[in-house]
Amino acid sequence: MSRHFRWLIFILLLSAFALWVSLPDTGLTNIGADCENYEQISALQGVHLDTDGDCEPDIVLGVQQSLGLDLVGGLRVLLRADLPAGAYSSEDLAQAASNVSKRVNALGVSEPTIQVLQSSGRILVELPGIREPEQAIETIQQTALLEFVNFSGLGGQARQLDGQRILTTQQVIIQQQRDLAQAQADVTPDATGDGDQPDVVELPQGIPNPLTSQPFETVMTGAGLQAAAPQVDPQTGQWLIQFQLTPEGAEIFGPYTAANVSQPMAIVLDGVVLSAPTIQSELTTGGVITGSFTEEEARTLALQLRSGALPIPLSVESTALVGASLGQESINKSIQAGIIGVLTVLTFMLVYYRVPGIAADLALVVFILLNLAVFKIIPVTLTLPAITGFLISIGTAVDGNILIFERIKEEIRDGKGLDESLTAGFDRAWTSIRDSNFSTIIICGILFLFGQTPGASVVSGFAVTLALGLIINLFTAVIVTRTFLHVLVIILRQPLVNRKWLLGA
């Protein structure tokens, strides 16, 4: 008896927490905060984030439900490959779309739609809830080709190249690949122009020209980076980017830095020298990228480096701020329909199963609260397919209770006692509930994997909400329903023994 009441207390506390999280404008302390993207999320989604750069647990965030483009509107961007047809492959376009998706997700945009239009060489990006399109476009469009360039022998003159555009061996290779692709596609030189060729660096008067050895040697590209995060230099107060190397990057960077201690090395982004620091020691695990960064520039660059450089340059063909496709009236009607459906199910369970129906109704309310709380905490972006997955999971929760109650009725008809019938009903129905839910969860996993294909992300939303509902149902249909029903039996034991119809038998 005491075990059931202990479970009851736990369920009531859990339900109260879920109800609190589900309410609008709920605040939570974000103890596990990720400082890297605070300012970008704040600017793009209009969420106020009171940060001081130290990522301490005193940061309080509003737990807001993420809504999809069809419910809340947002930004639609059409990106075009800034190369002629034949100068890039379909794999290049797919990789560019994948990297764009990583950048968008790092900006705090849940469930974006990234669709590759292969025939036209375009990428369609839909960003729900975005309010600052300029910053989002700038972040996802930049190619972010990072290079560590050999400046050995320049000495103090290397500092004079900060902010200047130079030519590197990696840029030459990229240009040769493009020229070869253009030649194979029979594209005339006039179709591309010379916009991709870096300008010759102009040095201040009186400084000997050190660029006769151009192109400069690229030691390593950003592909050798494993992680990148913006930080503040405690000595100078300037923003910098701390990076870590991949094992492959360490094999290149370690020997080079060991052989060139006290020599300058340029850090070049998209052909422009960010800085030319002097190598102080061998670097085998990582280092820092310095430059005259603002906080926003440092965070944006770190994001781009983490998500990878775009394999082909992209230009914005069109942008459009779109409203919710359903409209507020349609959303309200959808909510009303959902409420009516849930009330109908609750009424059916109460009328048909009587006292067990009361336990099932209470368990279903707990199930809905837990789902809504999980959707906000993760967060899960609610689109129409995602809401459909949630509603289907409510049906599976009711199915589980029906299996249990029908098994209990069979045990009572066979002449077993009340307590014995309850125990047998839950134990024997558990395997059916478990197997049916797990088989559907496997299908959800397959749907989720298919949803990772650009343009099919709405399928992921359906799979995620349905799978979460099935997992939570394993808890509510067995533990929660069992607890409520046993407590009701303890309170109403004598009437239930004398009146079998109260059990629906």
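Guide: Two strands count as paired if DSSP finds at least two bridges between them. The model discussed here is a predicted one.

Visitor: Strand β6 and strand β10 pair over how many bridges?
Guide: Strand β6 covers residues 146–150, and strand β10 covers residues 265–269. At least two bridges are needed for a pair. β6 and β10 run in the antiparallel sense, and the number of their bridges is five.

Visitor: Which residue in β10 does V149 stand opposite?
Guide: Strands of a sheet pair through backbone hydrogen bonds, either parallel or antiparallel. For β6 and β10 the sense is antiparallel. The residue in β10 that stands opposite V149 is A266.

Visitor: Which are the edge strands of the open sheet?
Guide: The open sheet has four strands, with antiparallel pairing, in the order β7-β6-β10-β11. An edge strand pairs on one side only.

Visitor: Is α11 parallel or oblique to α12?
Guide: Helix α11 spans residues 384–413 and helix α12 spans residues 418–451; their axes are 8 Å apart, at an angle of about 140°. Roughly antiparallel would need an angle over 145 degrees, and roughly perpendicular one of 65 to 115. The angle therefore makes α11 and α12 oblique.

Visitor: How many residues in the contact of α11 with α12 are nonpolar?
Guide: α11 passes α12 in a right-handed crossing. α11 contributes G400, L403, I404, R407, I408, E411 and I412, while the residues from α12 include L422, F426, R428 and I433. Four residues of this contact are polar, three are charged, and the number of nonpolar ones is nine.

Visitor: Is the crossing of α1 and α10 left-handed or right-handed?
Guide: Helix α1, residues 2–22, packs with helix α10, residues 355–377, at an angle of about 50° and with axes 8 Å apart. That angle makes α1 oblique to α10. The crossing of these two helices is left-handed.

Visitor: How many charged residues are in the contact of α1 with α10?
Guide: On the α1 side the contact holds I11, L14, S15, F17, A18, L19, V21 and S22. These meet residues of α10, among them V366, L369, L370 and K376. The residues of the contact divide into twelve nonpolar and two polar, and the number of charged ones is one.

Visitor: Is H486 buried or exposed?
Guide: H486 is found in helix α13, residues 457–491. Leaving aside neighbours within four places in sequence, H486 is in contact with H4 and L422. The limit for burial is under 20% relative accessible area. The relative accessibility of H486 is 10%, so this histidine counts as buried.

Visitor: How far apart in space are E126 and G74, C-alpha to C-alpha?
Guide: E126 is found in strand β5, residues 122–128. E126 counts as buried because its relative accessibility is 13%. In sequence, E126 and G74 are 52 residues apart, and their C-alpha distance in space is 7.3 Å.

Visitor: What percentage of the residues in the chain is buried?
Guide: The secondary structure of the chain comes to 14 helices and 13 strands. Among contacts with a separation of 6 or more, 76% are between residues 24 or more positions apart. Of the 505 residues in the chain, the buried ones make up 45%.

Definitions and conventions. Residues numbered from 1 in each chain as written. Predicted model: local features only at pLDDT ≥ 70, side-chain atom pairs only at ≥ 80, totals over all residues. Heavy atoms only, no water. Axes fitted to C-alpha atoms, helices over the stretch in contact; angles between N-to-C directions. Parallel < 35°, antiparallel > 145°, perpendicular 65-115°, else oblique. Left-handed = near helix turned anticlockwise from the far one by under 90°. Contact = heavy atoms within 4.5 Å. Nonpolar A, V, L, I, M, F, W, Y, C, P; charged D, E, K, R; others polar. Buried < 20%, exposed > 50% of the residue type's maximum accessible area, 1.4 Å probe, protein only.
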